[in-house]
Amino acid sequence: MLQKVKDIIKHYSLKELPVEGTLYKRTYCSKRELGTGEPCGSAIIALYCDEPPSVSLFHKLTSDEIWHFYGGDPLRLVLLYPDGSSKDIIMGNDPLKGQYVQFVIPAGVWQAGHMVEGGTYSLYGCTLAPGFTPHMFEAGVSEDLFIIYPDRVDDITRFGCSNESITMPEDVDSQGKGV
C-alpha cells in the first residue's frame with residue numbers, strides 16, 4: 001500500500017462499507033428526523049484505491065445522491081438507468097476537460113464507481129437528503145443486471161454483486177462525526 005493512501009485512510013479513520021466495498025467514514029448525520037424516522041440528511045467521505053481494494057459495487061438508493069470530488073486522481077461512475085440506458089461520468093478536478101466536481105445521481109439509478117486506471121487514489125464525498133439508512137439501499141445482483149443492460153457486461157462482471165450479500169446491515173453507521 002502506498003504511504004499516501006495509508007496516511008489518508010488513517011487520517012479519516014476509513015473502514016470498508018459492507019456489501020458495496022468502498023472505504024468510507026460517515027461524517028454527518030442530522031439529528032433531525034423526518035416523520036418516517038430517517039435523518040434529514042447525511043454525508044460521507046470516501047476513497048477509491050487499488051491497495052487496499054476500494055470500489056463501489058452496483059447499488060441503487062431511494063434518494064438522490066450528490067457526489068463531490070475532493071482530490072487525487074479521477075474516478076469513474078457507471079450509471080444504469082431504469083429505461084435501459086447507461087452513462088459514464090468522470091469526476092475529477094479538471095472541469096475544463098469535462099470532469100465533474102459535483103454530480104447528482106437520481107434515486108433509482110444503479111451506480112458503481114472506481115478510480116480511473118493508472119491512478120493512486122480518488123478522494124470524494126456523498127451527501128443525501130433524506131439521510132442514508134440501510135433500508136434505502138439495494139445491491140445490484142449481476143445476474144439481474146445482465147438481463148436489462150447487456151451492453152454493460154464488462155462493467156457488471158467487474159462491479160456486480162453476488163446473491164450472497166445484498167442487504168446493508170442495520171448497524172452500518174449510527175453516529176456521524178466531522179472530519
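Q: Two strands pair if DSSP finds at least two bridges between them; over how many bridges do strand 6 and strand 9 pair?
A: This is a predicted model: local features need pLDDT of at least 70, side-chain atom pairs count only at pLDDT 80 or more, and totals for chains, interfaces and linings use all residues. Strands (E, at least two residues) and helices (H or I, at least four) are DSSP runs, numbered from the N terminus. Strand 6 and strand 9 run antiparallel, and the number asked for is six bridges.

Q: Which residue in strand 9 is the bridge partner of R76?
A: Strand 6 spans residues 75-80, and strand 9 spans residues 110-115. Across their antiparallel pairing, R76 has a partner in strand 9, H114.

Q: How many helices and strands does the protein chain have?
A: The pattern along the sequence is α-β-β-β-β-β-β-β-β-β-β-β-α-α. The radius of gyration (over C-alpha atoms) is 16 Å, close to the 16 Å of the globule rule for 179 residues, so the chain is as compact as a globular protein of that length. That rule is 2.2 Å times the number of residues to the power 0.38. The secondary structure totals three helices and 11 strands.

Q: Which strands stand at the edges of the open sheet, each with a single partner strand?
A: Six strands make up the open sheet, with antiparallel pairing in the order 1-2-3-10-5-8. One side of each edge strand is left without a neighbour in the sheet, because each has a single partner; they are strand 1 (15-16) and strand 8 (102-105).

Q: Which residue in strand 2 stands opposite E16?
A: Strand 2 covers residues 23-29 and runs antiparallel to strand 1. Two bridges join the pair. Facing E16 is L23.

Q: How many of the six residues of strand 6 are buried?
A: Buried means under 20% relative accessible area, exposed over 50%, and partly exposed in between (1.4 Å probe, protein chains only). In a regular strand the side chains alternate between the two faces of the sheet. In strand 6, L75, L77 and L79 are buried on one side, and R76, V78 and L80 on the other. The strand is therefore largely enclosed by the rest of the structure, with a buried count of six.

Q: In the hairpin of strand 6 and strand 7, which residue takes a positive phi near 95°?
A: Strand 7 (residues 86-91) runs antiparallel to strand 6, joined by six bridges. Here L77 stands opposite I89. Five residues lie between the two strands, and the one with the positive phi is G84.

Q: Is W110 buried or exposed?
A: W110 belongs to strand 9. Leaving aside neighbours within four places in sequence, its contacts (heavy atoms within 4.5 Å) include F58, V78, L80, L145 and Y149. Its relative accessible area is 10%, so W110 counts as buried.

Q: Which residue in strand 11 stands opposite L61?
A: Strand 4 (residues 56-61) is mostly covered, with five of its six residues buried. Two bridges tie strand 4 to strand 9 in the antiparallel sense, where H59 partners Q111. Strand 4 also pairs antiparallel with strand 11 (residues 137-139) over three bridges. There, L61 faces F137.

Q: What is the positive phi of V19?
A: V19 lies in the loop between strand 1 and strand 2. At 16% relative accessibility, V19 is buried. V19 is not a glycine, yet its phi is about 65°.

Q: At 48% relative accessibility, how does S13 count?
A: S13 is in the loop between helix 1 (3-12) and strand 1. Its phi is positive, near 55°, though S13 is a residue other than glycine. At that accessibility, S13 counts as partly exposed.

Technical notes:
Residues numbered from 1 in each chain as written. Heavy atoms only, no water. Pairing = 2+ DSSP bridges.
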